[in-house]
Amino acid sequence: MKTRTTYSLGWKHIYMVLIVLILMAALVRIGRQGSSLSSTMPSSQDPFTESSPSREDQFIESPSSAEDQFTDPSPSAQDDVSMSENPEPEGTFEVNNSDAIMTEETKDEEPNFDLPLPIDPAMPSPSRKDDSDVENITYSSKSEPQECNYAKGKWVADSRRPLYSGFSCKRWLPSAWACRLTHRTDFSYEGYRWEPIDCPMPEFERFSFLSKMQDKTIAFIGDSLGRQQFHSLMCMATGGEDSPDVEDVGSEYGFLKRSRGIRPDGWAYRFPSTNTTILFYWSSTLCRLERINNSNPDSSLALHLDRVPSFLTKFLHRFHVLVLNTAQHWIKAKFIANGWIMHVNRKPIKEGILMDMTNVKNYTVHRIVKWLDSQLPLHPGLKAFFRTRSPRHLDKTGFCNNTIPLTRGSEVFQEVSSDKVVETAIKGTRVKILDITALSELRDEAHKSQYHIFSTSAYHDCLHWCLPGIPDTWNELLVAQL
């Protein structure tokens, strides 16, 4: 009897276990059905549904940032200056001089910075189909330790400034930015230099700089503020002199004026004494641009957020110093005016978190930094920097009339960058930060403002700087970190 009773109890336990298993299987099936609903959404949503709201905030700039003021789609909001004294209409350069029309040399190159790197869940992830050429690369999870913070310091008066003359640097400096040639009468903004607190910054000496950069190429890629930094370095390296020995080598990089174009895609100059090349390439968003219909020169342009400009992939192996920047063009009105249609995975974006322009900019900065970080092991002689946002200053009336230096203070004590997007993007990578935001915030008197060569204007340019001026300091910080 005892044996029979034990046998009966055993079967009861088995029945109970089977019932529990059946219930668990049902729950798992329900969970799978729920998760499958999101995976069956339209493909246009796929890149955006993986984001985690709890971590999305770290990629979004504070609403108080200066860039949120750049919402004026009118002509007065333009932030490009031609080599002549008059600015050109916004968007003209990108449409007529971009790398939208691929040449035979570049059409087979498909730059894509969707790589097998750890991507934060707050950022959409395009497809992995183009990873075969980089899948065997080993990635470092830690950046090199930074010895000192050049962005922490103070502005000090220096009678030896500026580093060059705004009158004489005519070959390298667009007249529109040479404030010495305008109706402005106060130039006290020229007489200051930046003094870091934690680290020495040697005085810039052009011959020493060129010797240090012998047989090297320095490339600036970005928007009109990046172009200002390029022109500044050319004036610094030549001492503001005409320097007829310096060669124009723009043709080596395809910097030729296209049909219907108003100027080339960039400029490149070489100092033959040291074989040093300094160049600038215009790419205001650091994204690949392609005409949607190549047979129609007036067609809209596909702006591929997940693909780098072909110029960058084609010439990266020739660079020894690379400085990227993007900040001022992430305005929906500008995209519409330029005929740019945002794409991810070669498909137009129609809905999702990338419909918000702040998310679009943050996504692009993170993506290109990760792509560049993956390329650095392949180019051991390359030092890459991402420059932080250059501030725009507007007073309560919407102008920038101040001409008194340092009314906002003279010192920066903060340890972190004021540009959280760039700071977050470069964290854990080999790409270095060129942090100029906070120190430039203190110099609202140094903008181009209302001054022009023949008169003053009702339009105040409170974004671009007078040269000589603040971009010279950006270059001093750059050279100190080389």
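Student: Which helix gives the most to the lining of the largest cavity?

Tutor: This is a predicted model, and in it helix α11, residues 470-480, gives the most to that lining, with 4 residues. The lining of the largest cavity has 14 residues in total, and those nearest its centre are E190, Y192, G469, D472 and T473.

Student: How much space lies in the largest cavity, and how many cavities of 30 Å³ or more does the structure hold?

Tutor: The largest cavity has about 120 Å³ of space, and the structure holds 9 cavities of 30 Å³ or more.

Student: How do the residues of that lining divide into nonpolar, polar and charged?

Tutor: In the lining of the largest cavity, 7 residues are nonpolar, 5 are charged and 2 are polar.

Student: Changing topic, how many aromatic pairs does the count come to?

Tutor: The count comes to 19 aromatic pairs. One of them joins F255 and Y281, whose ring centres are 6.2 Å apart and whose planes meet at 15°, so the pair is stacked. F255 is in the loop between β4 (247-248) and β5 (266-271), while Y281 is in strand β6 (residues 276-282), so this pair ties together parts that are 26 residues apart in sequence.

Student: Are F255 and Y281 buried or exposed?

Tutor: F255 counts as buried because its relative accessibility is 7%, under the 20% cut-off. Y281 is buried too, with a relative accessible area of 3%.

Student: What about F255 and F311, how far apart are the centres of their rings?

Tutor: The ring centres of F255 and F311 are 5.5 Å apart and the planes are at 25°, so this pair is stacked. With F255 in the loop between β4 and β5 and F311 in helix α6 (residues 310-315), the pair ties together parts that are 56 residues apart in sequence. F311 is buried, with a relative accessible area of 5%.

Student: Which residues form one aromatic cluster?

Tutor: One aromatic cluster is formed by W172, F230, W267, Y269, F280 and W282.

Student: And which ring does R180 lie over, and which does the charged end of R443 sit over?

Tutor: R180 lies over the face of F187, at 4.0 Å from the ring centre, and R443 has its charged end over the ring of W155, 4.5 Å from the centre of that ring.

Student: Now the cysteines: how many disulfides does a search of the whole structure find?

Tutor: The search finds 3 disulfides. Counting bonded cysteines along the chain, their pattern is 1-3, 2-6, 4-5.

Student: Where do C169 and C235 lie?

Tutor: C169 lies in the loop between β1 (153-157) and β2 (192-196) and C235 lies in helix α5 (residues 224-238), so their pair ties together parts that are 66 residues apart in sequence. The S to S distance of this disulfide is 2.0 Å, and the torsion about the S-S bond is about -95°, so the link is left-handed. Both C169 and C235 are buried.

Student: What does C179 form with C466?

Tutor: C179 and C466 form a disulfide with their sulfur atoms 2.0 Å apart, and with -80° about the S-S bond the link is left-handed. This pair links distant parts of the chain, 287 residues apart, with C179 in the loop between β1 and β2 and C466 in the loop between β16 (456-465) and α11. C179 is buried at a relative accessible area of 0%, and C466 is buried with a value of 0%.

Student: And which cysteine does a disulfide join to C400?

Tutor: C400 is joined to C462, with an S to S distance of 2.1 Å, and the torsion about that bond is about -90°, so the disulfide is left-handed. C400 lies in the loop between β12 (383-387) and β13 (411-412) and C462 in strand β16, 62 residues apart. C400 counts as buried at 7% relative accessibility, and C462 is buried with a relative accessible area of 0%.

Key:
Residues are numbered from 1 along each chain as its sequence is written. This is a predicted model: local features need pLDDT of at least 70, side-chain atom pairs count only at pLDDT 80 or more; totals for chains, interfaces and linings use all residues. Side-chain values use heavy atoms; hydrogens and water are left out. On a 1 Å grid over the protein atoms alone, a cavity is a set of points where a 1.4 Å probe fits but cannot get out, and a pocket is an open set with protein on both sides within 12 Å along at least five of seven lines; lining residues have an atom within 4 Å of a point. Grid points are joined across faces, edges and corners, and a volume is the space filled by probe spheres set on the points. Helices (H or I, at least four residues) and strands (E, at least two) are DSSP runs, numbered from the N terminus. Ala, Val, Leu, Ile, Met, Phe, Trp, Tyr, Cys and Pro count as nonpolar, Asp, Glu, Lys and Arg as charged, and the others, Gly among them, as polar. Rings of Phe, Tyr and Trp (its six-membered ring) pair if their centres lie within 6.5 Å; planes under 30 degrees apart count as stacked, over 60 as edge-to-face and the rest as tilted. Buried means under 20% relative accessible area, exposed over 50%, partly exposed in between (1.4 Å probe, protein chains only). A charge sits over a ring if NZ of Lys or CZ of Arg is within 6 Å of the ring centre and within 35 degrees of the ring normal. A disulfide is a pair of cysteine sulfur atoms within 2.5 Å.
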